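This report walks through a single protein chain, from aromatic rings to strands and sheets. Keep the structure open while reading.

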Amino acid sequence: MREETDVLVIGDGPAGATAAALLARQGHQVRVLERERFPRYHVGESLLPSLLPVLDVLGARGTVEAHGFIRKTGAFYGWGGQEWSLGFDEPGRPAAYSFQVIRSQFDHLLLEHARAQGADVREEARAQRVDFEAGGETGPAGRAVEATWADRDATAGHIRLRHLVDASGRAGLLATRHLGSRRVHDAFRNVAAWSYWGGAAPLAAAPSGAIGVFSLPDDGWLWAIPLHDGTLSVGLVTDKRSFARARQAAGGSLQTVYRGRRDCPAANRR
């Protein structure tokens, strides 16, 4: 199977769906290769107010508003022994609120919106390789001109393209497989462990729908994000060396490391 398109987008998370919808709205022929079947689980539920102007440009704000996600009007911090709140309703901010989302639902809304704008979204289709022209202004590899893909039924194909958007996220198809250009900053060599809790108490004196962010005495921090299904997403973030030491001390148990971080009174009250 051999096809052609103006723009090929690899990955249909929020970045890919946004690019695909905007380009399709401008009349470009857009195809999207997404390796998963949506809705699919993904962590990362707490969004910032800068999201809303993007949704306005996409024409998707009404859809997201109507879904029923919790409105996030600020944040609450328990950090270094102090506690304070931050509201998003201050002058100069892009919006007075954002959303706490269940990512499987939020991402699916954006995927379907990209489809509605005219993008050809192919789910369970994995981009396997990108071919480049020999040399060119973009460097020794030249421009991307074709991609090879395959689906779960072993159907395969080639797509000729004028432009490529790599929105494959952590997979980083171009950076890791073709260009070798990925660099990781030492400050962000972190590990997160998280789970979802029921029956959590709301944060007192915090803005409505606020995320809670809590520092830990030794290293790392916790997030606490209320979701509209009644659960609370709680995550532990620490540098990978500290996490490895804690896990070794816990006999390798991820649950023990996660549940053992109870030395944070502001989070414990929830």
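## Aromatic pairs

The model is a predicted one. Y41 is partly exposed, because its relative accessibility of 49% lies between the limits of 20% and 50%. The chain holds 8 aromatic pairs. In one of them, the ring centres of Y41 and Y196 are 6.3 Å apart and the planes stand at 90°, so this pair is edge-to-face. Y41 lies in the loop between β2 (30–34) and α2 (51–58), while Y196 belongs to strand β11 (residues 190–198). The two tyrosines are 155 residues apart, and their pair links distant parts of the chain. Y196 is also partly exposed, with a relative accessible area of 30%.

W197, also in strand β11, pairs with Y258. Their centres are 6.3 Å apart and the planes make an angle of 35°, which is a tilted arrangement. Y258 is in helix α7 (residues 254–260), 61 residues away from W197. Is Y258 buried or exposed? At 11% relative accessibility, Y258 is buried, whereas W197 is partly exposed at 32%.

## A cluster and a charge over a ring

W194, W221 and W223 make up one aromatic cluster. Another contact with a ring involves a charged side chain: the charged end of R71 sits over the ring of Y97, at 3.9 Å from the ring centre.

## Strand β1 and its neighbours

Strand β1 covers residues 2–10. Of its 9 residues, 7 are buried, so the strand is largely enclosed by the rest of the structure. Which strands pair with β1? One is β10 (residues 156–166), which runs parallel to β1 and is joined to it by 8 bridges. Within this pairing, L8 has L164 as its bridge partner.

Strand β2 also pairs with β1 in the parallel sense, over 4 bridges. Here I10 has L33 in β2 as its bridge partner.

An open sheet has 6 strands in the order β5-β4-β12-β13-β14-β11, and its pairing is mixed. The edge strands are β5 (82–87) and β11, each of which pairs on one side only. On average, neighbouring strands in this sheet are turned by 15° against each other, with direction ignored.

Inside the sheet, strand β4 (residues 74–79) runs parallel to strand β12 (residues 211–215), and 4 bridges join them. In this pairing, G78 stands opposite F214 in β12. Helix α6 (residues 240–249) packs on the sheet and touches β11 and β14 (231–239). The direction of α6 makes about 105° with that of β14.

## The surroundings of R189

R189 is found in the loop between α5 (173–179) and β11. With a relative accessible area of 31%, R189 counts as partly exposed. Which residues does R189 touch, not counting residues up to four places away in sequence? They are V184, D239 and K240.

How far is R189 from E112 in sequence and in space? The two are 77 residues apart in sequence, and their C-alpha atoms are 34 Å apart in space.

How values were computed
Residues are numbered from 1 along each chain as its sequence is written. This is a predicted model: local features need pLDDT of at least 70, side-chain atom pairs count only at pLDDT 80 or more; totals for chains, interfaces and linings use all residues. Side-chain values use heavy atoms; hydrogens and water are left out. Rings of Phe, Tyr and Trp (its six-membered ring) pair if their centres lie within 6.5 Å; planes under 30 degrees apart count as stacked, over 60 as edge-to-face and the rest as tilted. Buried means under 20% relative accessible area, exposed over 50%, partly exposed in between (1.4 Å probe, protein chains only). A charge sits over a ring if NZ of Lys or CZ of Arg is within 6 Å of the ring centre and within 35 degrees of the ring normal. Two strands pair if DSSP finds at least two bridges between them. Axes are lines fitted to C-alpha atoms, for helices over the stretch in contact, and angles run from 0 to 180 degrees between N-to-C directions. Contact means heavy atoms within 4.5 Å.
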